[in-house]
Amino acid sequence: MPRPWVALWVAVGAFTGAAACGGDSNPPARVVTIPDTPTATDSTLPLRVLAPRRNLLVGSAIDAGFRFTGSDGVEFKGTMVTQFNLLTPENDLKHDHVHPQQNVYNFAPADSIVAFAAANGMKARGHTLIAPTQVASWMANGSWTQAQAQQLLDDHVTTVVSHYRGQLMEWDVVNEALADDGSIKPSIWYNTIGRGYIERAFRDARAADSTVGLFYNDYNIEGVNAKSDSVYAMVQDFQARGVPITGIGLQSHFQVGGVPSTMAANIARFAALGLQVHITELDVRVPLPSTSSELAAQAQDYATVFSTCLQYPACSALVMWGFTDKVSWVPSTFPGWGDALIFDANYQPKPAFGAIVNVLK
Ligand code: G3I
């Protein structure tokens, strides 16, 4: 007999609300039989069934702007709702998307993702409130006094967090504020407000939602280095002064073979501060055209990240930055590199998928 929660998931059909995120008709429901305990056939089970057994949420980024039609709609949404129990809007909650003019908010695209997640029994992360880049041009190119910029930051964070109050498990409150040497990057926020903009965003977010998780999210902080040292010092300072922070997001955009050897030690030190440490944007790019040996090495990297995360209760969510090589930011940003995700462009599982299943078993 399926366990009650699994029966519920099947009853939800895992596909209701699909039209909210892509515009085409719902694909047919599939029935998945879930054994009570791990078995030799677990390799056929979806990640969203295996991961909760290890107290892990497993997720993907999704862009509401990508419209899926015909068989792609069936495969994309079918794979997404079958495999994942956590979604993150890839772009639709960024300042320039959600707040395109000073007095105009555009919540509809992100709303559709959040509704899609809820309809399919998935949780959602908010990405992201304040970042040096992806700031709407009216804000980025404006001329503001410190007081005006503080008010604009307050308005943005308060409005967006309030809109989603009770619907998200956590927010990336501030994203990519630091440079690799640990200093604060120049940005419209830093240049006008000073370093206090970071804690201001956290305080505003907590005032707007008393329970949602509040994360600092960045890349190149997966291992122990100058940048993660700076995040560590910032968090200690926040905790000492009562600035609300729940966790750290380790983005984890890796080149094949590039998982830092100090990742476990780094997670451990942040967890020891009482923080959640979530993997928020995992992908592992390989040189194109990819070879079977590169894909095997990629699978090992995915397995390493999952097994490292599973060592720490604080690492209770792991999000990949997409799931099919058909849709990824990598090839346009790193020409000659790609195939960074766990399903190929035809939605077939790659060796990395099997490696993750083996770790979760
Ligand atoms: O939607 C337009 C499309 O209409 C137009 O034809 C096309 C032409 O370039 O651009 C499309 O917009 C692109 C958008 O992604 C949607 O695909 C933007 O140019 C492109 O700059 C944007 O890139 C996003 C990038 O952040 C910058 O915002 C990526 O999708 C997104 O994956 C990436 O995500 C970031 C995280 O937020 C933070 N961590 C790093 C990660 C990867 O860079």
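Ala, Val, Leu, Ile, Met, Phe, Trp, Tyr, Cys and Pro count here as nonpolar, Asp, Glu, Lys and Arg as charged, and the others, Gly among them, as polar. By that scheme, the shell around the ligand holds two nonpolar, six polar and five charged residues. The model is predicted.

**Ligand shell**
- The ligand is surrounded by 13 residues.
- Glu90, Lys94, His127, Glu176 and Glu281 are the closest of them.

- His127 places a side-chain N or O atom 2.7 Å from an oxygen atom of the ligand.
- Asn91 also faces a ligand oxygen atom, with a polar side-chain atom at 3.0 Å.

- Val114 sits in helix 5, which spans residues 108-119.
- Val114 counts as buried because its relative accessibility is 5%, and the cut-off for buried is under 20%.
- Beyond its neighbours within four places in sequence, Val114 is in contact with Tyr164, Gln167 and Leu168.
- Ala124 lies ten residues from Val114 along the chain, and their C-alpha atoms are 6.4 Å apart.

How values were computed
Residues are numbered from 1 along each chain as its sequence is written. This is a predicted model: local features need pLDDT of at least 70, side-chain atom pairs count only at pLDDT 80 or more; totals for chains, interfaces and linings use all residues. Side-chain values use heavy atoms; hydrogens and water are left out. Helices (H or I, at least four residues) and strands (E, at least two) are DSSP runs, numbered from the N terminus. Buried means under 20% relative accessible area, exposed over 50%, partly exposed in between (1.4 Å probe, protein chains only). Contact means heavy atoms within 4.5 Å. A residue is near a molecule or strand if one of its heavy atoms lies within 4 Å of it. A polar contact is a pair of N or O atoms within 3.5 Å; within protein, one must be able to donate a hydrogen and the other to accept it, and residues adjacent in sequence count only if both atoms are side-chain atoms.
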